[in-house]
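Hi there,

Here is the structure I promised to pass on to you. My notes on it follow below.

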Amino acid sequence: MTRNVIVLGGGYAGTMAANRILATGRDDVTVTVVNARPRFVERIRLHQVAAGTASGEQEFDDLLHPAARVRIATAQRIVGRVIEIEGGERLPFDILVLAVGSRGRPLVEGALDVSDHGEASRAREILAGLPAGEWVSVIGGGLTALETVTEIAETHPRLRVRLVADTPPVAGIPARTRRKMLRRLDRLDVEVVTGKATRTQHARLELADGAGFDSACTLWAAGAQAPDLARVSGFTVDRFGRMVTDDALVSVDRPDVVGVGDAALPPQAPRPSCQAALPMGAHGAETVLALLDGTAPTRFDLGFVAQCVSLGRHYGVVQPTHRDDTLRPTALRGRIGAVGKEQVVRMTLRWIRKQRSARDAYSWPHGGPDASEPTGTAVR
Ligand SMILES: Cc1cc2nc3c(=O)[nH]c(=O)nc-3n(C[C@H](O)[C@H](O)[C@H](O)COP(=O)(O)OP(=O)(O)OC[C@H]3O[C@@H](n4cnc5c(N)ncnc54)[C@H](O)[C@@H]3O)c2cc1C
C-alpha cells in the first residue's frame with residue numbers, strides 16, 4: 001500500500017525533509033511538497049532582496065528530489081487527515097510534515113516586513129526610486145535588523161538610513177564584536193535611534209514618546225511568529241504559534257503530524273534559524289520513516305556551531321558558539337567574516353541538493369542541550 005506524505009511548506013526544513021524521505025528510494029511512499037509560492041525563497045537573503053543585491057529565489061526543480069511532487073497552494077486548515085486549501089480543495093495525507101516556517105509580525109502600522117519575499121521586493125522597488133537624501137528606517141535591534149540596515153546603507157549611499165530599536169542593538173553579542181558592529185554602522189553613516197516605533201504615515205515614522213522622523217520607507221526586521229495554521233487547526237501552540245512537539249518532533253496532539261523548522265517547538269527549543277531548520281527537516285524525515293515502519297522515532301539532537309552575520313557585502317562576523325548556542329568570546333570579523341557568511345549561505349542550498357542523493361548524505365553536529373538545560377543566547 002502506498003502511503004501519502006505531505007510536506008506543508010517548501011522552505012529550508014520542508015525541502016530537506018522531502019529530499020531525505022525520497023532519498024531512501026522507497027516505492028511505498030509518495031511525497032508532495034505543498035507551498036504557498038511557486039519558488040523556493042532563500043529567506044536568509046531577504047535583507048539582500050530589500051536592498052537589491054539578490055533575488056532570493058530558487059526553482060524547486062533545482063532543489064527537490066526528482067520524485068517529489070509539488071503543489072502550489074496555501075493551506076487554510078488541517079482537519080483530520082486532510083489539508084483544506086484556499087478555494088475549498090482538500091488534500092488527504094497519511095503523514096503530515098508541518099514546515100510552514102515563520103514571518104515577521106510587524107507591530108508598526110505601515111512598515112514592510114523584511115522576512116516576506118513580496119514585501120522585501122516592494123521595499124527594493126521603493127528604495128530604487130527614492131531621490132537622494134530621503135530617509136529609510138529599519139526597525140529592530142537583532143541580527144536581522146543589523147543585516148538589513150547595513151545592506152541598504154552600503155547599496156544605497158545616496159539615501160539616509162536609520163536603525164530604530166527599543167533596546168540597545170545586538171546587546172547579547174560579546175563586547176568586542178559588538179563594538180566592531182556598531183563601528184560598522186557608524187562607518188556606513190547609519191543613525192541609531194533608541195525608541196519604540198508605533199506607526200508610519202505620510203512618510204513619517206512615529207515613536208511612542210511622541211517623537212517623529214521623516215521616513216520614505218520603513219522596514220520591519222524584528223520579532224517573527226509562525227503562521228496561524230497550527231493554532232486554527234486545533235494543535236497545541238506556544239505564544240508564537242509554534243506547534244508543540246515531543247523530542248522526536250511528533251506533535252503532542254497526534255501521532256501522524258511531524259513539525260520541523262521555525263513552525264515547530266520541541267522541548268529542546270532550538271533557536272529559530274536556518275541552522276536549526278535544516279537538521280530539523282532531516283531528523284523530521286527520519287521520524288516520518290520510523291512512523292511509516294511502525295518503529296519508535298528517536299530524539300532530535302542539534303549542536304549549534306556559529307552565528308553568522310553580514311554587515312553589507314564587505315564586512316561580516318562569524319561568531320562561534322558552544323553546542324548549546326551560547327556564544328564563544330572570539331569571532332572572525334571583517335572581510336573574512338563576510339566571505340565566511342556568504343559560504344554558509346551558499347552551503348544551505350548545497351546541503352538541500354546533496355540530500356537528494358542518499359539518505360545519509362547530510363549530517364549535522366549533535367551534542368546540543370536537552371530540554372532540562374538552559375537555551376542559548378538567541379539574538380536573531
Ligand atoms: C533577513 C533574514 C536573514 C536571516 N538570516 C539567517 C542566518 O544568517 N542564519 C540563520 O540560521 N537564520 C537566518 N534567518 C532565519 C531563517 O531564515 C529561518 O529561521 C528559516 O528560514 C526557517 O526555515 P523554515 O523552513 O522553518 O521556514 P521558511 O524558510 O520560512 O519556509 C516556510 C515555507 O512555508 C511556506 N508556507 C507558509 N505558510 C504556508 C501555508 N499556509 N501553506 C503553504 N505554504 C506555506 C512558505 O511559503 C515558505 O516557503 C534569517 C531570516 C531573515 C528574515
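One term before the notes: contact means heavy atoms within 4.5 Å. Helices (H or I, at least four residues) and strands (E, at least two) are DSSP runs, numbered from the N terminus. This is a predicted model, in which local features need pLDDT of at least 70 and side-chain atom pairs count only at pLDDT 80 or more, while totals for chains, interfaces and linings use all residues. Residues are numbered from 1 along each chain as its sequence is written, and side-chain values use heavy atoms, with hydrogens and water left out.

Let's start with α1 (12-22). Eleven of its eleven residues are buried, meaning under 20% relative accessible area (1.4 Å probe, protein chains only). Among them are Y12, A13 and N19. The buried residues of α1 pack against several elements, including β1 (3-8), α7 and α8 (335-354).

Now the ligand. Around it are 33 residues, of which A13, N35, D262, C274 and K341 come nearest; a residue counts as near if one of its heavy atoms lies within 4 Å. α1, β2 (29-35), α4 (143-155) and α7 (274-293) each supply at least two residues of this shell, and α7 gives the most, with three.

Which side chain has an N or O atom 2.6 Å from an oxygen atom of the ligand? That is K341, a polar contact (a pair of N or O atoms within 3.5 Å). A ligand oxygen is also 2.8 Å from a polar backbone atom of C274, and one is 3.2 Å from a polar backbone atom of S273.

Best wishes

Definitions and conventions. Polar contact = N/O pair within 3.5 Å; in protein donor to acceptor, adjacent residues only side chain to side chain. Buried < 20%, exposed > 50% of the residue type's maximum accessible area, 1.4 Å probe, protein only.
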